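Subject: The structure we talked about

Hi,

Here is the structure I promised you. Have a look at it first, and then read my notes below.

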Amino acid sequence: MRAWPGTSYPLGATYDGAGTNFALFSEAASKVELCLFDPDGTETRVALPEVDAFVWHGYLPEVGPGQHYGYRVHGTHDPATGQLCNPNKLLIDPYAKAVSGDVDWDESLFGYRFADPGQRNDGDSAAHLPKSVVISPFFDWGNDRHPHTPYHETVIYEAHVRGTTVAHPEIPEELRGTYAGLAHPVMIEHFTRLGVTAVELMPVHQFVNDHHLGEQGLSNYWGYNTIAFLAPHHRYASSSRAGYQVQEFKSMVRALHEAGIEVILDVVYNHTGEGNHLGPTLSMRGIDNGAYYRLVEDDPRYYTDYTGTGNSLNVRHPHTLQLIMDSLRYWVTEMHVDGFRFDLAATLAREFYDVDRLSAFFDIVQQDPVISQVKLIAEPWDVGPGGYQVGNFPPLWTEWNGKFRDTVRDFWRGEPGTLGEFAARLTGSSDLYQDDGRRPHASINFVTAHDGFTLRDLVSYNDKHNEANGEGNQDGANDNRSWNCGEEGETDNAEVLALRSRQQRNFIATLFLSQGVPMLAHGDELGRTQRGNNNVYCQDNELSWVDWSEQAQDSALTEFTAAMARLRRQHPVFRRRRFFQGRPLRSGEDLRDIAWFAPSGSEMTAEDWELDFGRCVLVFLNGQAMGEMDARGQWVTDDSFLLCFNAHYEDVEAKIPNGGYGGEWAVVVDTATGEAAEEPVAGGSAITIPARSLIVLQRTEE
């Protein structure tokens with residue numbers, strides 16, 4: 001079989017209806033062989049005939065969708081200089097749009113002998129490596145359109161494709177744990193009930209399991225171990241047909257879009273599943289190790305590791321940067337996703353050593369006409385020096401606000417001296433985002449996420465209980481800022497259980513009443529538990545899955561969550577597009593857009609904010625002083641609200657401010673009971689705020 005010259009662009013395998021063009025970048029290669037595999041495993045090797053600007057390419061007529069393939073790259077093999085070409089290793093195409101099969105961890109996958117790591121391993125790995133798959137680019141999208149939900153109207157639901165649906169009894173068994181299962185009508189109905197406007201999917205790029213986890217009977221459940229940045233993970237498809245995962249993923253997106261729900265992908269461009277210098281040779285390591293990975297400058301045998309996973313992608317190299325951008329663009333234009341959450345995003349900004357907000361990655365994203373128009377969410381930290389960068393990303397970006405999580409947890413567990421910072425987080429974290437021109441929606445607010453305790457466990461455990469992970473309970477974070485409400489773990493104590501329910505309502509209410517974008521972790525609205533495990537990355541079982549059984553669900557909490565989402569949706573004062581200014585916004589108006597009161601009814605003073613024991617505050621939100629126009633140029637107005645927070649362990653009697661703030665108020669939220677109150681509250685009167693609770697008053701009379 002001979003290949004026609006083909007073209008050097010686009011990279012990857014591109015089917016045009018008559019044949020397939022193959023293109024692979026490798027500056028390190030002296031020769032590249034395309035390897036085609038028949039269903040019985042028979043391999044046919046075809047040397048790519050052309051190379052332009054280090055891109056090897058060729059066109060094969062009549063090769064089409066379903067064809068399994070890989071590459072063998074010839075070139076220098078000298079680990080001491082970071083060059084690891086070895087044609088005995090079959091390699092996954094970095095641009096593969098589908099991958100079939102799994103890694104079985106045979107010794108031939110490694111570039112060295114287990115018995116002697118200094119000895120080169122020339123065993124053929126083809127029988128033990130997943131194969132890249134040529135896909136059909138054709139799909140009937142119908143009238144599909146991106147919902148383009150504005151940030152200030154967005155509610156994010158972080159979900160794991162498998163874990164969210166694998167145990168749902170109302171989803172057909174063959175669809176549980178799949179893309180199709182996530183888009184099943186019962187799931188869409190649940191998302192809609194919660195007011196969810198975007199699902200943020202934990203990694204769906206093709207990933208590999210870790211060898212050491214497999215030996216323990218565990219697996220890389222979370223999927224932060226990517227090996228192909230353009231391929232949807234094949235294990236999340238309901239059929240094993242080659243390339244079917246692409247069609248099913250597109251169908252999922254189309255169904256969610258029809259319901260007005262956006263799809264955001266959690267993407268891992270900071271490292272790959274090839275690990276450190278002792279990891280397997282699966283793809284980029286054997287294609288061009290020095291181009292794709294950051295090597296230690298004075299000893300390129302080893303990898304610079306800012307991620308804690310063994311390697312870091314070399315974003316300084318133009319072809320590595322191109323791979324990331326091509327991947328992002330592909331998922332938007334061809335797979336119709338609506339945005340990305342970047343795992344350990346600070347790593348992508350390390351051009352040399354420090355995190356640099358002027359790095360090439362940010363520059364190229366800023367000017368890209370496709371990527372710059374979707375939601376871009378940073379996890380603004382990595383494990384390297386100076387890696388904690390909350391508040392420091394460029395204006396186009398939003399961020400997981402780790403300070404919101406920490407402060408809200410501290411406030412509700414009664415930590416001293418948190419009142420001032422709690423106020424900053426509640427109002428959109430202007431101290432982090434306002435100076436660089438960003439809006440409150442730059443803050444992606446969350447109390448819990450996949451990494452850490454679930455909401456129920458946050459109020460049930462003081463300490464992590466990760467024994468099931470097989471690491472002696474040494475893995476996972478120790479600083480959880482949690483409180484077990486008096487007893488560790490499961491209990492029958494009615495008083496403790498009531499307090500835990502109240503605390504969960506406090507967290508949910510605070511999340512939805514805060515300026516910024518709220519994000520729920522899957523199952524928190526149901527009262528999901530992981531029995532104190534705060535790092536279920538390796539637990540693909542009932543410990544990590546969402547339990548949808550009737551006896552496991554906290555239906556009252558689900559309804560409370562839906563009610564809080566509804567309150568936020570109905571009242572723009574809780575989802576402002578601009579920061580509060582702390583002053584009247586209209587001439588002749590005496591009331592400021594926001595005002596803070598002590599329980600005495602007087603406005604908070606500087607001394608009040610600095611009190612270590614201060615745990616109670618009332619905040620007035622002026623719905624008539626929004627200072628914003630809607631899409632048609634009309635001024636946005638709303639009802640006014642008074643939020644009454646009491647994180648003290650005792651009830652607090654507070655005076656409702658008068659003097660124009662409101663003559664009569666309705667209690668619309670009371671986390672102590674989980675229900676609204678029927679009796680109105682008069683301005684200037686006293687109200688009892690129960691211990692560890694939040695009351696929301698809505699003004700009914702001026």
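Let's start with a word you'll need: buried means under 20% relative accessible area, exposed means over 50%, and partly exposed is in between (1.4 Å probe, protein chains only). This is a predicted model, so local features need pLDDT of at least 70 and side-chain atom pairs count only at pLDDT 80 or more, while totals for chains, interfaces and linings use all residues. Residues are numbered from 1 along each chain as its sequence is written, and side-chain values use heavy atoms, with hydrogens and water left out.

First, the salt bridges. Side chains of opposite charge can pair when their charged atoms come close. The cut-off here is a side-chain nitrogen of Lys or Arg within 4 Å of a carboxyl oxygen of Asp or Glu. How many salt bridges does a search of the whole structure find? It finds 30.

One of them joins the side chains of Glu 262 and Lys 375, at 2.8 Å from N to O. Glu 262 is in strand β16 (residues 262-267) and Lys 375 in strand β18 (residues 375-378), so this pair links distant parts of the chain, 113 residues apart. Both Glu 262 and Lys 375 are buried. (Those labels come from DSSP runs numbered from the N terminus: H or I with at least four residues for helices, E with at least two for strands.)

Another salt bridge is between Asp 540 and Arg 162, at 2.9 Å from N to O. Asp 540 sits in the loop between β21 (517-521) and α14 (555-570), and Arg 162 in helix α1 (residues 161-165), so the pair ties together parts 378 residues apart in sequence. Asp 540 is partly exposed, with a relative accessible area of 28%, and Arg 162 is partly exposed too, at 25%.

Then there is Asp 410 with Arg 481, whose side chains meet at 2.6 Å, N to O. Asp 410 belongs to helix α9 (residues 402-412), while Arg 481 is in the loop between α12 (455-458) and α13 (494-513), 71 residues away. Is Asp 410 buried or exposed? At 10% relative accessibility, Asp 410 counts as buried, whereas Arg 481 is partly exposed, with 23%. Shared partners also join Lys 31, Glu 33, Glu 43, Arg 45, Arg 72 and Asp 124 into one salt-bridge network.

As for α14, its buried residues include Leu 557, Phe 560, Met 564 and Arg 568. The buried residues of α14 pack against α3 (185-193), α13, β21, β24 (641-646) and β26 (664-670), where contact means heavy atoms within 4.5 Å.

Last, a strand. In β7 (residues 68-75), 6 of the 8 residues are buried, so this strand is largely enclosed by the rest of the structure. Strand β3 (residues 29-37) pairs with β7 in the antiparallel sense over 8 bridges; pairing needs at least two bridges found by DSSP. Cys 35 stands opposite Gly 70 in β7. Strand β11 (residues 131-133) also runs antiparallel to β7, joined by 2 bridges, and there His 68 stands opposite Val 133.

Cheers
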